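Subject: A structure for you to explore

Hi,

Here is the structure I promised to hand over. Please open it next to this email and follow along as you read.

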Amino acid sequence: MIARQIRLSSQSKERLSRLKGKTGIKNWNVLCRWALCYSLSENTVPTDLAISADSNVEMSWFTFAGEYGELYEAVMKAWCIKMGLPSDDATAAKYFKLHLERGIAYLSGTGLIRNLNDLLKLATEA
């Protein structure tokens, strides 16, 4: 498991709160999964910034990943390999957090998400 607990930054909490209101998705973990996948689809390395885990939004790895924990972990390690990075747990965990934060920023900053249908359109775009 690449992370036991996941705590978001205050900025990401605020962004997710707005996304929850726009999409009607009530659970943080569901939006976080969308954010991770959206960031991974960018196919670039996120900027290595210090992430302040200063919000009260915290979830376990199992809450985030559900029954697909091994799949998310494998995807992160495969991404590391693809980008020429080490695929150890520490590196995968670091980039998991960076992708999660970047994905949340992208989803909240696109200006395209006004409702759930807009979020679904992102998944079907080429």
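Is tryptophan 61 buried or exposed? Tryptophan 61 is buried, because its relative accessible area is 6%. Here buried means under 20% relative accessible area, exposed means over 50%, and partly exposed is in between (1.4 Å probe, protein chains only).

Before going on, a word on how to read everything below. This is a predicted model, in which local features need pLDDT of at least 70 and side-chain atom pairs count only at pLDDT 80 or more, while totals for chains, interfaces and linings use all residues. Residues are numbered from 1 along each chain as its sequence is written, and side-chain values use heavy atoms, with hydrogens and water left out.

**The aromatic rings**

The structure holds six aromatic pairs. Rings of Phe, Tyr and Trp (its six-membered ring) pair if their centres lie within 6.5 Å; planes under 30 degrees apart count as stacked, over 60 as edge-to-face and the rest as tilted. One of the pairs joins tryptophan 61 and phenylalanine 96: the ring centres are 5.3 Å apart and the planes are at 65 degrees, so this pair is edge-to-face. Tryptophan 61 belongs to helix α3 (residues 61-65) and phenylalanine 96 to helix α5, so the pair ties together parts that are 35 residues apart in sequence. Helices (H or I, at least four residues) and strands (E, at least two) are DSSP runs, numbered from the N terminus.

Phenylalanine 96 counts as buried because its relative accessibility is 0%. Phenylalanine 96 also forms an edge-to-face pair with phenylalanine 64, with 5.1 Å centre to centre and 80 degrees between the planes. Phenylalanine 64 lies in helix α3 and phenylalanine 96 in helix α5, so this pair ties together parts 32 residues apart in sequence. One aromatic cluster is made up of Trp61, Phe64, Tyr72 and Phe96.

The charged end of lysine 20 sits over the ring of tryptophan 28, 4.0 Å from its centre. The rule for this is that NZ of Lys or CZ of Arg is within 6 Å of the ring centre and within 35 degrees of the ring normal.

**Where two helices cross**

Next, look at helix α4 and helix α5 (residues 89-109). Their axes come within 9 Å and cross at roughly 100 degrees. Axes are lines fitted to C-alpha atoms, for helices over the stretch in contact, and angles run from 0 to 180 degrees between N-to-C directions. α4 and α5 are therefore roughly perpendicular to each other; angles under 35 degrees count as roughly parallel, over 145 as roughly antiparallel, 65 to 115 as roughly perpendicular and the rest as oblique.

Which residues meet there? On the α4 side they are Glu73, Met76, Lys77, Trp79 and Cys80, and on the α5 side Asp89, Thr91, Ala92, Tyr95, Phe96 and His99. Contact means heavy atoms within 4.5 Å. The residues of this contact divide into six nonpolar, two polar and three charged. In that count, Ala, Val, Leu, Ile, Met, Phe, Trp, Tyr, Cys and Pro are nonpolar, Asp, Glu, Lys and Arg are charged, and the others, Gly among them, are polar.

Tryptophan 79 is placed in helix α4 (residues 69-82) and counts as buried because its relative accessibility is 5%. Not counting residues up to four places away in sequence, tryptophan 79 touches Leu40, Thr44, Val45, Pro46, Leu85, Tyr95 and His99. Histidine 99 is in helix α5, and with a relative accessible area of 0% it is buried.

Isoleucine 2 is found in the segment before β1 (5-7) and is buried, with a relative accessible area of 7%. The C-alpha atoms of isoleucine 2 and threonine 91 are separated by 8.8 Å, although these residues are 89 residues apart along the chain. Beyond its neighbours within four places in sequence, isoleucine 2 has several contacts, including Trp61, Met76 and Phe96.

Finally, find asparagine 43, in the loop between α2 and β2 (58-60). Asparagine 43 has a positive phi of about 60 degrees although it is not a glycine. Most residues other than glycine have a negative phi. At 40% relative accessibility, asparagine 43 counts as partly exposed.

Enjoy exploring!

Best wishes
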